[in-house]
Amino acid sequence: MSDAELWTALADPHRRAIVALLLERPRPVGEIVQACGLSQPSTSKHLKVLREAGLVRVRQDAQRRVYALDPEPMAALDTWLAPYRRLWNSSLDALGRRLDETSDDSTRPSPPKD
């Protein structure tokens, strides 16, 4: 699995929706089809891309195929995003300070009007 495969797999909004569903718990294909509102063949194609990218695992449960997230690629993505998260955090901290200053200004009494 390459970084390009991970990003390509996650670029599609339907695949991101599937990943979000699987974040809650493993699910059989039928349940994913129903939750996403896609056809079974379309859902299977999306699951194949996610599986080939290493983002999901599949296991056979009698006649059903049950999909689950594989946490390892997600950890790799998290590591890649870490420097950007620091950038966002400092920006969010600055925004928080500005909002606090604005809030403090709005709670001060206004000077009397003539």
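Mentor: A residue is called buried when its relative accessible area is under 20%, and exposed when that area is over 50%. The model we apply this to is a predicted one.

Trainee: Why is His-46 called buried?

Mentor: The relative accessible area of His-46 is 11%. The cut-off for buried is under 20%, so His-46 is buried. His-46 is found in helix α4.

Trainee: Which residues of α4 are buried?

Mentor: Thr-43, His-46, Leu-47 and Leu-50 are buried in that helix. They lie on the same side of α4, because the arc they cover around the axis is only 100 degrees.

Trainee: Which residues are exposed on the other side of α4?

Mentor: Lys-45 and Glu-52 are exposed there.

Trainee: How do you know that the span of helix α4 agrees with what it should be?

Mentor: Helix α4 runs over residues 40-52, which is 13 residues. The expected span is 1.5 Å times one less than the number of residues, so α4 should span 18 Å. Its end C-alpha atoms are 18 Å apart, and therefore the two agree.

Trainee: What makes Ser-39 a cap of α4?

Mentor: A side-chain oxygen of Ser-39 lies 3.2 Å from the backbone nitrogen of Ser-42. After α4 comes Gly-54, with a positive phi near 85 degrees.

Trainee: With which side chain does the side chain of His-46 make a polar contact?

Mentor: With that of Arg-15, at 3.2 Å. Apart from neighbours within four places in sequence, His-46 is also in contact with other residues, including Asp-12, Ile-18 and Leu-38.

Trainee: How do you know that β2 and β3 pair?

Mentor: Pairing takes at least two bridges between the strands. Six bridges join β2 to β3, so the two strands pair. They run antiparallel, and Val-56 stands opposite Leu-69 in β3. The two strands form a hairpin with two residues between them, and Ala-62 in the turn has a positive phi of about 60 degrees.

Trainee: How many bridges join β1 to β3?

Mentor: Two bridges join strand β1 (residues 27-28) to β3. The requirement is at least two, so β1 and β3 pair as well. These strands run antiparallel, with Arg-27 opposite Tyr-67 in β3.

Methods: Residues numbered from 1 in each chain as written. Predicted model: local features only at pLDDT ≥ 70, side-chain atom pairs only at ≥ 80, totals over all residues. Heavy atoms only, no water. Helix = DSSP H or I, 4+ residues; strand = E, 2+ residues; numbered from the N terminus. Buried < 20%, exposed > 50% of the residue type's maximum accessible area, 1.4 Å probe, protein only. Arc of directions from axis to C-beta. Polar contact = N/O pair within 3.5 Å; in protein donor to acceptor, adjacent residues only side chain to side chain. Contact = heavy atoms within 4.5 Å.
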